[in-house]
Amino acid sequence: MKMTFRWFGEGNDTVPLHYIKQIPGTDGIVWSLHDVPAGEEWPMEKILEIKQQAEAAGLHIDVVESVNVHEDIKLGLPSRDVYIENYKRTIEKLGTVGVKVICYNFMPIFDWLRTDLQKPMGNGATALFYENSRIADADPFRLVEEINANSALTMPGWEPERLAHLSKLFEAYQGVTEEHLWENLRYFLNEIIPVAARSGIRMAIHPDDPPWPVFGLPRIMTCQENFRTFLKLYDSPYNGITLCSGSLGANPDNDILAMIHEFAERIPFAHIRNVRVYENGDFIETSHRTEDGTVDIAGIVRAYHEIGFTGYARPDHGRHIWDEQCRPGYGLYDRALGIMYLWGLWDANQLHAGKQVTGS
Ligand code: DNO
């Protein structure tokens with residue numbers, strides 16, 4: 001397991017690179033060019049700038065999250081071909097600087113969705129929270145405005161240029177079914193996976209978060225069966241998944257341990273975090289420790305150990321603790337604690353298997 005930490009870029013993140021380097025067993029950043037709109041080709045100078053900053057801090061840039069997919073690709077519009085060409089050029093460029101994994105998602109309009117970015121936990125900590133009833137009756141426009149207004153830094157994936165055109169996008173998705181999405185995803189994979197393979201990059205699709213349809217928009221990367229279908233759409237080690245325990249874990253029917261075993265060869269990237277799912281289906285992103293939530297984090301790390309996981313991992317999100325002012329879900333403290341828990345579990349598995357504990 002190779003541990004990494006998401007970083008949003010100079011001036012766009014509250015955590016300096018050298019702090020990341022100080023977290024034990026953490027060797028690389030998970031990064032993106034957050035100011036390049038979805039669909040555009042990434043400029044080489046900007047890629048090299050991040051590379052140089054990371055390397056100066058002793059960190060690698062092997063994992064990119066995300067290269068966002070333009071809505072026209074998900075919608076299957078004729079204009080998709082231009083955006084797919086741009087996507088391919090970006091993959092090629094990232095290959096030349098040594099990137100090994102690109103995480104992306106195929107969720108219509110919205111990326112991950114929460115209803116409260118600072119839900120009090122009763123002990124001074126706050127965390128990301130999802131309340132079903134607020135989504136069920138919500139006007140998406142109002143909700144997005146409300147959520148963003150309460151936070152200085154918006155959620156990643158909620159790119160302003162996407163949200164600015166919300167009503168047009170909703171119109172465009174009228175009549176788009178799950179079947180259409182599958183077909184458009186297949187078209188996209190057929191185009192990009194050969195380029196990724198030539199570039200030595202493993203593409204890793206992220207589950208939909210939460211893993212069910214929202215605001216009447218279809219979502220397909222939601223469960224084991226659908227991931228099985230996905231992997232068959234293009235059967236190649238370069239067509240893989242980002243196995244996110246928190247996203248999938250929001251639906252207690254998802255058996256994440258079974259997915260790790262079934263998809264072992266096709267998981268270049270793991271997001272490992274806990275959630276507590278309540279009886280009414282609401283969930284909060286709690287601390288990583290197994291007993292703090294409803295996701296079996298200890299079992300998940302054991303499963304990764306059992307499959308001899310050599311891919312990349314990140315602690316994903318954390319709570320906001322010790323009065324840290326940070327991007328929602330992306331503070332330093334709780335994610336660093338999470339990493340230490342994950343390494344603790346990993347090392348215990350090493351010892352249990354009679355192996356030497358060698359760290360990262
Ligand atoms: C949230 C993330 C997602 C993820 C994208 C991948 O923190 O896990 O925003 O990066 O869905 O494209």
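How do the residues of the shell around the ligand divide into nonpolar, polar and charged? The shell divides into six nonpolar, five polar and five charged residues; here Ala, Val, Leu, Ile, Met, Phe, Trp, Tyr, Cys and Pro count as nonpolar, Asp, Glu, Lys and Arg as charged, and the others, Gly among them, as polar.

## Basis of the model

The model is predicted: local features need pLDDT of at least 70, side-chain atom pairs count only at pLDDT 80 or more, and totals for chains, interfaces and linings use all residues. Residues are numbered from 1 along each chain as its sequence is written, and side-chain values use heavy atoms, with hydrogens and water left out.

## The ligand site

Around the ligand there are 16 residues, of which Glu65, Ser66, Asn105, His317 and Tyr330 come nearest; a residue is near a molecule if one of its heavy atoms lies within 4 Å of it. An oxygen atom of the ligand lies 2.4 Å from a polar side-chain atom of glutamate 65. For histidine 317, the distance from a polar side-chain atom to a ligand oxygen is 2.5 Å, and for tyrosine 330 it is 2.3 Å. On its own the ligand has 330 Å² of accessible area, and the protein covers 99% of this (Shrake-Rupley method with a 1.4 Å probe).

## Backbone features

Most residues other than glycine have a negative phi, and most peptide bonds are trans. Glutamate 65 is joined to serine 66 by a cis peptide bond, with omega about 5°. Serine 66 is placed in the loop between β3 (60-65) and α3 (71-75); helices (H or I, at least four residues) and strands (E, at least two) are DSSP runs, numbered from the N terminus. A cis peptide bond also joins aspartate 209 and proline 210, with omega about 0°, and proline 210 belongs to the loop between β7 (202-205) and α10 (224-233).

Isoleucine 109 has a positive phi, near 60°, and is found in the loop between β4 (101-104) and β5 (116-120). Its relative accessibility is 0%, so isoleucine 109 counts as buried (buried means under 20% relative accessible area, exposed over 50%, partly exposed in between, with a 1.4 Å probe and protein chains only). Aspartate 323 also has a positive phi near 60°; the residue lies in the loop between β12 (312-314) and α14 (333-352). Aspartate 323 counts as exposed because its relative accessibility is 69%.

## Aromatic pairs

The structure holds 13 aromatic pairs; rings of Phe, Tyr and Trp (its six-membered ring) pair if their centres lie within 6.5 Å, with planes under 30 degrees apart counted as stacked, over 60 as edge-to-face and the rest as tilted. Tryptophan 31 is in strand β2 (residues 26-31), and tryptophan 42 is in the loop between β2 and α2 (44-56). Both tryptophan 31 and tryptophan 42 are buried.

The ring centres of phenylalanine 106 and phenylalanine 188 are 6.1 Å apart with planes at 35°, so this pair is tilted. Because phenylalanine 106 lies in the loop between β4 and β5 and phenylalanine 188 in helix α9 (residues 178-199), the pair ties together parts 82 residues apart in sequence.

Key
Polar contact = N/O pair within 3.5 Å; in protein donor to acceptor, adjacent residues only side chain to side chain.
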